[in-house]
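This briefing covers the surroundings of a ligand and a set of charged side-chain pairs.

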Amino acid sequence: MKLALVLGDQLSTDISCLGELNKNKDLIVMAEVNDEARYVKHHQHKIALIFCAMRRFANALQADGWQVHYHYFSADTPYRSLLDVVAAVAEDHHPEELVMTECGEYRLHHNIVSNWQRTLNIPVTILSDDRFFCSKQRFSDWARGRKQLRMEYFYREMRRDTGLLMNGKQPEGDSWNFDSSNRRRYRGSPALPTLPKFEYSDNDRAVFDLVEKHFHDHPGTLTKFNWPVTRTQALRALDDFVRHRLPCFGDFQDAMTQSESFMFHSLLSTSLNCGLLAPREVCEAAQSAYQDNKVPLNAAEGFIRQVLGWREYVRGIYWLMMPGYASNNGLGNSRGLPAFYWSGETDMNCMREAFNNTFEHAYAHHIQRLMVTGNFALLAGVAPTDICDWYLAVYADAYDWVELPNTLGMVMHADDGLLGSKPYAASGNYINKMSDYCKQCRYSVKTSTEQDSCPFNSLYWHFMSRHRDHFDRNPRMTMVYRSYDNMAADKKQALMQRATYLLKNLDSL
Ligand code: FAD
Ligand code: DLZ
Ligand code: SF4
């Protein structure tokens, strides 16, 4: 007989390892273990979501005739790791082989390939994860020999490969990209739709109790937990998004509004990342809505670009560059993470809003992650490992393969521009353009050097000035440095003074 290990982010009935099994004689193992639940201080929502979804998935497999050995979380069991559980099951059942689908994170992957076969003393067969559009091999073939890797060109290739939003060889609407129509500020209309509410069973509630008891020192609380934990719930979330929020997704993709956590975003990343939804089906749902004239092209294209483009691209970069990628620090940053990233307490309204979302919902939409909390960390020169650990901890959708390139590459520009040709650094002006946050902030976005000036403003110029050697030859930065050079000397000096003061007093902002 064979054993198959199914991980907490592999909750798809068509996961490749199940295809190798015989329902009548083979055994599936699933395990809630300390090491996975604690390798970083995951937000309580993430642990609750994964444990509920794992239990529901195991029940569904059993109902479908599979034999499943399910290891429930226990605080004092000697089985601390996935290997501990698999080894104990193997001792009882004497399988001839362990089969699994390759895991998403390098940390565990490395542990499996370097230790498990020797420890278990049986062959360990690792199958590729075909839930992605682009295999690791396909990505490295695409990347090989290119001077520069750019998401836009990868995305076009993926559109051609999949035929999504294609008219023969031409992109639908004769353009690959409708980004310029996707930058509207939201002024209260159309009204933001309410989200579907998911029902939880008594067994799910037992998981919530477990998380509250054993993980109370992890970020967040479960008060507002509302994530899909079954495939049926995830399909409902997809349908609700396509009907009610996708029509405006494109227009307001970058917009932020006071006290509104979700805007027109899909909230599908948690379901995609743990396997309850497949990337292909969500892209096809968006494409069908466009073909049925229910959503405009800029919405369907904008959404498909995120899933078919960015999501696949960052995974490709991760596996191409790991393990070295994680220790990149191209800008030489070493500052510790300000305490307000954990407490959420700051007078900067934009940051407070992003933290409120983060701690209440284990969620923040992309522009909050990139242009608010990410931008601040970049301008303040936080050490990449500190900020990466934070993003990995606080979001319900966080997995190293997707979080790391986004944080280390896109936000911190620590990979020397592999992920983005210029840093996503911005002053308060950008935040003011895309949100109504500044109106309700104790800082003034209009000024830079006063005591109550928006911290982003002087920190922006300090960032540009201190990294001039790094960016001087980047043609996309020419305008920035021209503006800097055109500033009066006393203005520059005042900006540097204010920024230096802020950098010394970050925790008081
Ligand atoms: P939507 O805005 O509705 O987008 C649709 C889908 O596109 C998402 O569900 C997601 O699957 C995909 N997507 C969008 N942008 C990206 C991107 N840049 N990279 C990969 N996929 C993308 N996403 C994660 O899934 N896990 C993470 O750990 C994660 N960490 C991030 C850290 C930082 C610093 C930044 C800037 C972005 C990060 N993202 C991460 C990407 C993105 O912010 C989230 O995917 C998105 O906010 C999830 O919300 P949503 O489902 O409502 O997305
Ligand atoms: C995220 C997570 C958590 C919190 N717990 C478990 C677990 O107890 N058992 C498990 O199999 N998977 C868990 N996961 C998901 C894993 O961390 C994920 O499968 C690996 O990091 C590989 O991507
Ligand atoms: Fe954020 Fe500055 Fe605007 Fe305040 S003024 S909300 S700190 S951008």
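A residue counts as buried under 20% relative accessible area, as exposed over 50%, and as partly exposed in between (1.4 Å probe, protein chains only). The model is predicted: local features need pLDDT of at least 70, side-chain atom pairs count only at pLDDT 80 or more, and totals for chains, interfaces and linings use all residues. Residues are numbered from 1 along each chain as its sequence is written, chains are lettered from A and ligands numbered from 1 in the order written, and side-chain values use heavy atoms, without hydrogens and water.

**Salt bridges**
- A salt bridge is a side-chain nitrogen of Lys or Arg within 4 Å of a carboxyl oxygen of Asp or Glu, and the count comes to 24.
- R315 pairs with E102 in a salt bridge, with the closest N and O atoms 3.6 Å apart.
- This pair links distant parts of the chain, 213 residues apart.
- Both R315 and E102 are buried.
- R184 and D251 form a salt bridge at 3.2 Å, N to O.
- R184 is partly exposed at 44% relative accessible area, whereas D251 is buried at 18%.
- E36, E105 and R107 are joined in a network of salt bridges.

**Ligand 1**
- Ligand 1 is surrounded by 30 residues, each with a heavy atom within 4 Å of the molecule.
- By class, this shell has 17 nonpolar, nine polar and four charged residues.
- An N or O atom in the side chain of S266 is 2.6 Å from an oxygen atom of ligand 1.
- For a polar side-chain atom of Y363, the distance to an oxygen atom of ligand 1 is 2.7 Å.

Terms used. Polar contact = N/O pair within 3.5 Å; in protein donor to acceptor, adjacent residues only side chain to side chain. Nonpolar A, V, L, I, M, F, W, Y, C, P; charged D, E, K, R; others polar. Helix = DSSP H or I, 4+ residues; strand = E, 2+ residues; numbered from the N terminus.
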